[in-house]
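I opened my notebook for a walk through this model, and these are the entries I kept.

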Amino acid sequence: MATSMVGRVLNDRYEITERVGIGGMAEVYRAQDKVLGRMVAVKVMLPQYAADETFTKRFRLEAASAARLQSPYIVSIYDWGLDGDTYYIVMEFLRGTDLKTAIQERGAINQRKVAEIGSQVAQALSVAHGASIIHRDIKPQNIMIQPDGNIKVMDFGIARAGDAGLSQTSTVLGTAHYVSPEQAQGKELGAASDIYSLGIVMYEAATGKLPFEGQDAVSVAVKQVNEIPAPPSSVNPNIDPTLELIIMKALEKDPAKRFTDASEMRHALNDFLAGRPVNIGDVSTMPTTVMGASAGSTTTVMPRSAAPSGPAATTALPTQSAGSSFGMPEEPEKKGKNKVIAAVVAIIAIVAIAAGVFALTNSGAEMVDVPKVSGETLAQATSELEAAGFVIGDTTEVYNSEVEEGKVVSTNPEGGMKAEAGSRIDITVSKGTESVTVPSLLGKSADEARAALEDLGLTAEQGDDVYSDKYEEGKVAKQSVKSGSKASKGDTITFNLSKGSNLTDIPNVVGFTKDAAESALDGAGFHYDTVYDNSSSVPEGNVISQNKSGQAAPGTTVRITISKGPKEETVSVPNVVGLDEGTAESRLENAGFRYDAQYKTVSQASKDGIVLSQSSTGSAKKGATITIVIGIGPDTDDGDNDSGTGNTDSSDKNQGSSKKNS
């Protein structure tokens, strides 16, 4: 399936956002349910199987069968459908990590946690088996550990429900390292097959190592059928003997010798966790040294009373004589003899089984230290492991914020452990820190914001509440990283909830004097900014307008406009130079100007009474006074100027005199 699925919307409802995993038959994507507004996981069948009627029928069966299963430890199925030629199943989106990754990163898990996981998986299987559904692929990759520590069993993709008509005994479905002997042989499967697989899972979780390894799936499957696993305590000496017996009971080669059902295994695990006696019964795969748990242990192994046969005989406790079985006292001599015989038999059994275990775990193969290659590049690790005589197995990429991209996170078996020379070493390589797109949290509740961030692997942190006039109280009004930005998984995104609006009424100061307006705004908690403009209707010094009204947050700046009074009109000044005095004065008056006439004696008679110059040209304020200079021609009077009886009319226009209009 190509990455082109990302961005596609299945049946106009499920918007694919990213691929999160791939299996044998399908890919799993994260998607947004546009109807219910929640994050879901969508499992899409690989295209090479979509045309195969058998696989499509099996895929549909998974949805139908798994949807019937109701358990806190089984992933919930919401929907399934067909969009074009794409088959898909919609299920709950799980946060956390799968058990396989946890084992690869940490090695052996705390044994009480192993028992808790085993109990929860057994409960899930009990529900499935009660509905006639066999999982057939129980493995740590299909067990998701959630943030609260509980588990969910996933992937019923190869489950078989009742008489489904899908049984193909010649086809072995499942994962070789976890399949039961009968599954490896292609036989009909029952609930006991899932119990065996769970035993393998618990063995690996308790020791950090698989009980059977091989060059390929076939060699591993052969070991599942023919070989007895080494006791977990041979790998992890700290394992509790009772938990070891529970695991080995689940790993019996004969399905009839395993727990009768998943419920019985769950009860045994719960008794172990509670410190109660645990009734394991015969465990033919275990050496006597393991069976002989200390009498002072908080849990007690209680073997069945039935007489053992075959390999089980080595695990049986010494039996009483026939006489004692009827309640008759034994003769002292016979009693002592029986004790001696029992002791000898026990010693022989211990030696024989110890030798057998030694032979199984030390069958002539050279045991070599696995190099510690964590933190190295894949090329360096490969070279070092191959130089040590190992074969490189599966290479798995995982996101890891602590290990640089391209460097080795861990190996299986782990570095420092011993493994057979020539055996396979699986490598886990870091893809670095996963980058995600920060979602918009604005307008969401605190729970919705946390869920949106946690769905992407981001850490949510709630900051102090803030005032907001845009978002209602209790909704996110601010986030520390802008939506659409890139962040690394694990990064902390802070969001702030709204305390509601903090708006205050803005005083209406239109018509106020400047001082009164500023005082009113300042008293209401607002800043102000003052500008000026002309107004023919508002007296000079009063407020013409303000740029904000209604409500605003305290501290907001309000701009007020103060009147400068009417705007003074500017008009063109007529050019009256060269005109006679009367005409010039008339034109100035008609244009709205006053005039001030000044007189100057000139030598040319032609300039007499003519405007010689004016004080303003171009434009001026209407009503302004324009000074004009008018010429006075040469005096033509023949009378005696000294007589003092000159022309009185001409005396009005002596140089330096003036005339103004009103």
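**Loop between β1 and β2.** I started with Asp-12, which sits in the loop between β1 and β2. This is a predicted model, so I read its backbone angles as computed values. I looked up phi of Asp-12 and got a value near 55°, which is positive although the residue is not glycine. Is Asp-12 buried or exposed? I found Asp-12 exposed, because its relative accessible area is 71% and the cut-off for exposed is over 50%.

Asn-11 belongs to the loop between β1 (9-10) and β2 as well. Its phi is near 50°, again a positive value in a residue other than glycine. I get a relative accessible area of 41% for Asn-11, so I logged Asn-11 as partly exposed.

**A cis peptide bond.** Next I checked omega. The bond running from Asn-412 to Pro-413 is cis, its omega being near 0°. I wrote beside it that most peptide bonds are trans. Where is Pro-413? I located Pro-413 in the loop that joins β14 (408-412) and β15 (418-420).

**Aromatic rings.** I searched the whole structure for aromatic pairs and came back with 1. The ring centres of Tyr-14 and Tyr-88 are 6.0 Å apart and the planes make 65°, so I filed the pair as edge-to-face. This pair ties together distant parts of the chain: Tyr-14 is in strand β2 (residues 14-22) and Tyr-88 in strand β6 (residues 86-92), 74 residues apart.

**Charges over rings.** I then looked for charged side chains above ring faces. Arg-38 lies over the face of Tyr-78, 3.9 Å from the ring centre. I also noted Lys-499 over the face of Tyr-467, at 4.1 Å from the ring centre.

**Two helices.** My last entry is on helix packing. I looked up helix α6 (residues 191-207) against helix α8 (residues 241-250): their axes come within 7 Å and cross at roughly 140°. The crossing of α6 past α8 is left-handed. Which residues of α6 and α8 meet? From α6 I listed Ile-195, Tyr-196, Gly-199, Met-202, Tyr-203 and Ala-206, and from α8 Leu-243, Ile-247 and Ala-250. Sorted by class, this contact of α6 with α8 has 8 nonpolar residues, 1 polar residue and no charged ones.

Conventions. Residues are numbered from 1 along each chain as its sequence is written. This is a predicted model: local features need pLDDT of at least 70, side-chain atom pairs count only at pLDDT 80 or more; totals for chains, interfaces and linings use all residues. Side-chain values use heavy atoms; hydrogens and water are left out. Rings of Phe, Tyr and Trp (its six-membered ring) pair if their centres lie within 6.5 Å; planes under 30 degrees apart count as stacked, over 60 as edge-to-face and the rest as tilted. Helices (H or I, at least four residues) and strands (E, at least two) are DSSP runs, numbered from the N terminus. A charge sits over a ring if NZ of Lys or CZ of Arg is within 6 Å of the ring centre and within 35 degrees of the ring normal. Axes are lines fitted to C-alpha atoms, for helices over the stretch in contact, and angles run from 0 to 180 degrees between N-to-C directions. A crossing is left-handed if the near helix is turned anticlockwise from the far one by less than a right angle, and right-handed if clockwise. Contact means heavy atoms within 4.5 Å. Ala, Val, Leu, Ile, Met, Phe, Trp, Tyr, Cys and Pro count as nonpolar, Asp, Glu, Lys and Arg as charged, and the others, Gly among them, as polar. Buried means under 20% relative accessible area, exposed over 50%, partly exposed in between (1.4 Å probe, protein chains only).
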